[in-house]
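Work through the exercises below with the sequence and the model at hand, and try each task before reading its solution.

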Amino acid sequence: MEKSNYITTEELIQFQNLLRESKNTITTAESCTGGLIASLITQLSGSSDIFNGAVVSYSNEIKTQELNVKESTLEKFGAVSIEVVEEMLEGVIKKFDADFAIAVSGIAGPTGGTKTKPVGTVVIGISNKNNEKIVEVCHFEGSRIEVQNQAAKYSLKKLFKFFQKTLDK
């Protein structure tokens, strides 16, 4: 993927300023990124204005317990699926009463990949509290940490663009 698909520090600052000005908040539900997206958000001073918290739902048990992901959805589609990420988005928006959310579930590697879901497969979803959402299956390359970093920065850029479109409405 092109470098322009990943958020820069300057864009993250701009994003947080726009969220603050419009009195909006964001939250995350993270699996394979293990809290990295939340960490990137909170690296900036003043992020408490726009960020109340996140859920690192690494296990399926936490996905169901904390985000209300249905066990039947996990069994039918697997944790790394559009369907599960959609339920993660809904659950985390409700949990934190946020205006916007990111949810991520994937296989960072080096183990865990299959023929249909190889290492580097990450499902990334973004949504707003009106349940407008975009969920896509991405394929990143590199080491475990590289896959995690790409997924985190790509998802933040995706949410930034989505948020900007809502301002234009």
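A residue is called buried under 20% relative accessible area, exposed over 50%, and partly exposed in between (1.4 Å probe, protein chains only). Helices (H or I, at least four residues) and strands (E, at least two) are DSSP runs, numbered from the N terminus. This is a predicted model, in which local features need pLDDT of at least 70, side-chain atom pairs count only at pLDDT 80 or more, and totals for chains, interfaces and linings use all residues. Residues are numbered from 1 along each chain as its sequence is written, and side-chain values use heavy atoms, with hydrogens and water left out.

**Exercise 1.** Find which residues of H1 are buried and what they pack against.

Solution. Begin with the buried residues of H1, which are Glu11, Leu12, Phe15, Gln16 and Leu19. They lie on the same side of H1, because the arc they cover around the axis (taken from the directions from the helix axis to the C-beta atoms) is only 135°. Next, look at the other side of H1, where Glu10 and Glu21 are exposed. Finally, the buried residues of H1 pack against strands S1 (26–30) and S3 (100–106) and against helices H2 (36–42) and H6 (144–168).

How values were computed
Contact means heavy atoms within 4.5 Å.
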